[in-house]
Amino acid sequence: MKTNIKYVALAATALFASCTKQLDISPEGAPSSQNFWKTEQDAIKAEAGMYEKYNEEDYYGRGMFWFINASDDMVTGRNKPEADNIKNFNRSYIGGGYTETQWSMRYAIIKRANDIITNVPRITMDENRKKQIIGDAYFNAGLVYFQLAANYGNDKAGVPIVTPETDATVPVPRANNVNENYDYIISLFLKAAENLPYFSDMNSSDYGKGHKTAAWSYLSKVYLYKKDYTNAVKYADMVINSGKHDLVPAFVDVFKAANNWSKEYIWSVVCTPNGGGTGWGSKLPGVMLTNKAWGIYNGWGYYLPTKELYDSFETGDLRREATILKPGDKFQFFGAERTFTKDGGATSNYQFKKYMEPFSYKDPIPTHVNPNGDNGTTDLNVPLMRYAEVLLIKAEAAINLNGSGAGDTELNKIRKRAGLLPKSGMTLVDLKRERRNELAGEWADRHRDLVRWGDAQATYAKPLHDFDGTIIWPARTFNPQVHDVWAVPQREIDNSIGVIKQNAGW
């Protein structure tokens with residue numbers, strides 16, 4: 001795992017030299033380990049360095065979203081052989097470019113977080129700021145470990161645990177199983193929550209950094225994945241009972257830039273359309289926009305919805321039209337009303353609508369939309385965790401603990417906003433539909449849900465359909481003993497000189 005160990009061995013200061021523009025911190029040369037970790041400004045720069053990877057095209061713009069694309073909610077929007085291989089669970093995708101860097105980019109963040117945890121405590125500085133920066137480091141390490149463990153780890157093998165005390169000269173093998181990872185991740189989020197302030201107590205200049213209820217929310221999700229439903233309920237309740245969060249009254253308004261920091265906000269990718277360069281947060285709005293965007297903007301045309309997703313919504317569910325565009329739908333684009341039509345080469349007649357609000361304004365460039373269509377960022381923060389998902393986590397855990405009806409309170413809050421009548425005695429079948437319809441097209445990860453529920457094999461054995469009922473993706477073979485995790489990037493195996501082993505079957 002040469003790439004992994006490379007980030008463990010590098011001096012933190014070299015890594016921290018590149019900081020996020022969102023946090024408005026400019027690097028000042030390339031400090032060495034001898035002259036860094038001295039001042040409060042060093043700690044602030046180090047914290048900013050953890051967010052640099054958020055701007056990578058393949059971090060939150062695509063990257064692991066190719067794994068989410070494997071679900072029944074969407075299809076690869078245009079001809080992309082490597083993407084097709086991922087969606088079809090074909091091992092020939094290993095060593096390709098789309099997902100190969102996911103592992104090393106996240107271990108880079110772990111390295112940066114570990115250096116903060118090691119070095120910031122001894123800096124003489126404001127104690128509240130010190131606690132917040134250390135808490136943010138624990139939070140970021142926990143978050144990326146969770147993303148790695150959930151995608152690459154199972155009961156046969158986890159991912160390497162690289163702690164602040166890890167010997168940088170010795171390759172780190174994989175954990176024995178994913179539960180070892182989850183236990184370590186839990187310890188990180190607990191330390192994060194202990195140190196971090198509530199979001200409501202933060203200065204606006206710190207928005208986008210870790211905060212207390214974000215740590216609790218991810219704790220509840222990790223416990224859900226671990227099938228420790230008692231603790232999943234406990235930490236979801238800590239978020240709910242904090243009084244800091246609520247649902248935005250109208251579902252369609254959740255995905256407006258004006259609500260980037262609403263009470264529904266838990267954690268998102270901070271995005272901007274006019275920072276310049278090639279970063280500036282998640283490109284997902286541009287990636288999901290119809291290819292070439294009717295000659296007005298350079299949409300990429302990936303991740304298109306399926307008829308299976310569209311038909312899964314109940315009649316009258318307000319979320320359906322807020323989530324999906326279909327042929328004939330009216331919408332605003334660059335200040336004019338348009339009737340939706342697909343790009344001629346698109347594999348589906350649908351498009352996700354959730355991220356379209358920045359494109360609705362007249363002359364949206366550069367106030368709302370990036371001038372560079374190859375970049376595709378907007379002023380809408382791409383959500384990673386919303387309060388609605390916390391309610392869904394609690395409902396799922398409660399039903400698993402106490403049976404049908406135990407999640408009715410949380411599910412009916414979500415249904416009410418969707419314009420649906422309340423129900424009683426809701427089961428896991430109801431929960432699965434609500435989770436799918438609420439979070440479609442988001443980073444919540446429908447594919448990972450199907451895998452952990454044991455539903456992936458049967459779901460993927462069915463073809464996927466277009467608006468008119470034609471098959472646009474054939475049935476696939478999903479082997480739950482192999483495809484429950486993704487392949488470890490080949491470069492990590494090659495560089496580890498045998499220390500890192502491939503997931504069984506890949």
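Student: What makes Tyr 229, Ala 232 and Val 233 of helix H11 count as buried?

Tutor: Buried means under 20% relative accessible area, exposed means over 50%, and partly exposed lies in between, with a 1.4 Å probe and protein chains only. These three belong to the buried residues of H11, together with Tyr 235, Ala 236, Val 239 and Ile 240. Their cover includes helices H9, H10 and H15 and strand S2, where contact means heavy atoms within 4.5 Å. The model is predicted: local features need pLDDT of at least 70, side-chain atom pairs count only at pLDDT 80 or more, and totals for chains, interfaces and linings use all residues. Residues are numbered from 1 along each chain as its sequence is written, while side-chain values use heavy atoms, leaving out hydrogens and water.

Student: Why is H11 called a helix, and what span is expected of it?

Tutor: A helix is a DSSP run of H or I with at least four residues, a strand is a run of E with at least two, and both are numbered from the N terminus. H11 has 13 residues, 229-241. The expected span is 1.5 Å times one less than the number of residues; H11 reaches 18 Å from its first C-alpha to its last, close to the expected 18 Å.

Student: Why is H15 described as largely enclosed?

Tutor: Of its 16 residues, 13 are buried, so the rest of the structure largely encloses H15. Just after H15, Gly 403 has a positive phi of about 90°.

Student: How do you know whether Thr 124 is buried or exposed?

Tutor: Its relative accessible area is 77%, so Thr 124 is exposed. Thr 124 sits in the loop between helices H7 and H8.

Student: What makes a set of residues a nonpolar core?

Tutor: The members are buried Ala, Val, Leu, Ile, Met, Phe, Trp, Tyr and Cys residues, joined through side-chain atoms within 4.5 Å. The largest such core has 132 residues, and Phe 139 and Trp 267 have the most contacts inside it. Helix H8 gives the most to this core, with 14 residues. A second, separate core of eleven residues includes Leu 289 and Tyr 297.

Student: Which residues does Trp 267 touch?

Tutor: Not counting residues up to four places away in sequence, its partners include Tyr 51, Tyr 54, Phe 139, Leu 143 and Met 385.

Student: How do you know where Thr 124 lies relative to Glu 40?

Tutor: Their C-alpha atoms are separated by 7.2 Å, although the two are 84 residues apart along the chain.
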